[in-house]
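Please read it alongside the sequence and the model.

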Amino acid sequence: MDLDIGHLRMVCAMAETGSVTRAAARMGVSQPAMSSQLRKVEELVGGRLFVRSRSGLEPTALGQQIISRARTVLAELDTLIGDLPGSGEPNAALGLGSVHLACVGSIVARVSEEVPGRQVSLRIEPSSALLGDALNRGHLDAALLGIMEGFDVTLNPPVVSRTLVPRYPIFVALSAHHPLAGQNEIDLIDLKDESWIGPPGADDGSLASLRASCRAAGFEPVVRFEAPSGAACPLVAAGHGVRLVDPSWPPQPGTVVRPLTGEPQVAKLIVAWRRDRLNDEDATALYRGLAAAFVEHADRHPAFGAWWHAHPHVHPLL
């Protein structure tokens, strides 16, 4: 057996996810099959590529060499494919992904207006890491990604990106009957005794970011619940927990949404697309459509609307 492109993608996926199980899910194979392939690759290269640690899989010295060279080969291959004649010609459909933002209701209409002649489909995910992986593997043509400050999502050529909003604060949602509900903003330390609903997209760094902010404030958050974005609203309304939310979402029934003092949680939005699926003209038009959709919802929450108008330097560059 010789090394092939699939083996290189497998090794890189293990390095990026830190887990055989997550790498197998990313590549659409079973965990036993992934482990078997890893053993065969290690036999071919003459040594172990990974060791297990408390934080997951860690590359050995040999593994680091293989991974570095594999990434170079894969990047060159993807660039070659992206640069083939005709590869940048627009397709009839536009497969678009987005994290769960308030503006998802406007994305299809605004992008369709800007990119006429292409039918827009939309995949909404809580995780930017999943969307980035779908882009890398060619399952999506473009995506709107939300990424917490200090973290990033791996995007491989021919995927490229452009910043839509360089920074914006994350707010907190709590019950309308909560003792702090009447305050204009809430200090994170005042939530030290609360039960938290885990933030969506934990593999993007959102959970790590929450823990880091709470520790900086002097406490360890108790993450008691895990729920998709919409499913968390009844828990918050009933007073069972608090959660971080995109600031452009209007409060759901029975809840209030407040800024956090000092902006301890900050994110950014980027537009990413495949150069082999969108030409430069369509990529620019896509950016305009996503910008219009986001700006349209910036005033839906009064506190975020005030913040947005006070920070014109973060507005999309059109």
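## Salt bridges

Asp-193 and Lys-192 form a salt bridge, with the closest N and O atoms 3.3 Å apart. A salt bridge here is a side-chain nitrogen of Lys or Arg within 4 Å of a carboxyl oxygen of Asp or Glu. Asp-193 is exposed at 66% relative accessibility. Lys-192 is partly exposed at 40%. Buried means under 20% relative accessible area, exposed over 50%, and partly exposed in between (1.4 Å probe, protein chains only). Glu-220 pairs with Arg-215 in another salt bridge, and there the closest N and O atoms are 2.8 Å apart. Glu-220 is partly exposed, with a relative accessible area of 40%. Salt bridges that share partners also join Arg-110, Glu-113 and Glu-296 into one network.

The model is predicted: local features need pLDDT of at least 70, side-chain atom pairs count only at pLDDT 80 or more, and totals for chains, interfaces and linings use all residues. Residues are numbered from 1 along each chain as its sequence is written, and side-chain values use heavy atoms, with hydrogens and water left out.

## A buried charged pair

The salt-bridge count comes to 12. One of the salt bridges joins Asp-282 to Arg-118, with the closest N and O atoms 3.2 Å apart. Asp-282 sits in helix 9 (residues 280-297), and Arg-118 in the loop between helix 5 (104-114) and strand 4 (119-125), so the pair ties together parts that are 164 residues apart in sequence. Helices (H or I, at least four residues) and strands (E, at least two) are DSSP runs, numbered from the N terminus.

Are these two partners buried or exposed? Asp-282 is buried, with a relative accessible area of 13%. Arg-118 is buried too, at 7% relative accessibility. The side chain of Arg-118 also reaches the backbone oxygen of Ala-93 at 3.0 Å. That is a polar contact: a pair of N or O atoms within 3.5 Å; within protein, one must be able to donate a hydrogen and the other to accept it, and residues adjacent in sequence count only if both atoms are side-chain atoms.

## Helix 3

Helix 3 spans residues 31-45 and has 15 residues. From its first C-alpha to its last it reaches 21 Å, close to the 21 Å expected at 1.5 Å a residue. The expected span is 1.5 Å times one less than the number of residues. At the start of helix 3, a side-chain oxygen of Ser-30 comes to within 3.2 Å of the backbone nitrogen of Ala-33. Gly-46 follows the helix, and its phi is positive, near 80°.

Which residues of helix 3 are buried? They are Met-34, Ser-35, Leu-38, Val-41 and Glu-42. These cover an arc of only 120° around the axis, which puts them on the same side of helix 3. The arc is that of the directions from the helix axis to the C-beta atoms. An α-helix has 3.6 residues a turn, so residues three or four places apart point the same way. The buried residues pack against helix 1 (5-17), helix 2 (20-27) and strand 1 (50-53). Contact means heavy atoms within 4.5 Å. The face turned away from the buried side carries exposed Pro-32 and Glu-43.

## Aromatic pairs

There are six aromatic pairs. Phe-171 and Phe-304 form one that is edge-to-face, 6.3 Å centre to centre with 85° between the planes. Rings of Phe, Tyr and Trp (its six-membered ring) pair if their centres lie within 6.5 Å; planes under 30 degrees apart count as stacked, over 60 as edge-to-face and the rest as tilted. This pair links distant parts of the chain: Phe-171 lies in strand 7 (residues 171-175) and Phe-304 in helix 10 (residues 302-310), 133 residues apart.

One aromatic cluster takes in Tyr-168, Phe-171, Phe-294, Phe-304, Trp-307 and Trp-308.

## Two single residues

Leu-286 is found in helix 9. It is buried, with a relative accessible area of 0%. Not counting residues up to four places away in sequence, Leu-286 touches Leu-94, Leu-96, Val-111, Val-115, Ala-142, Val-271 and Leu-278. Leu-286 and Gly-150 are 136 residues apart in sequence and 26 Å apart in space, C-alpha to C-alpha.

Ser-68 is in helix 4 (residues 61-82). It is partly exposed, with a relative accessible area of 44%. Ser-68 and Leu-3 are 65 residues apart in sequence and 15 Å apart in space, C-alpha to C-alpha.
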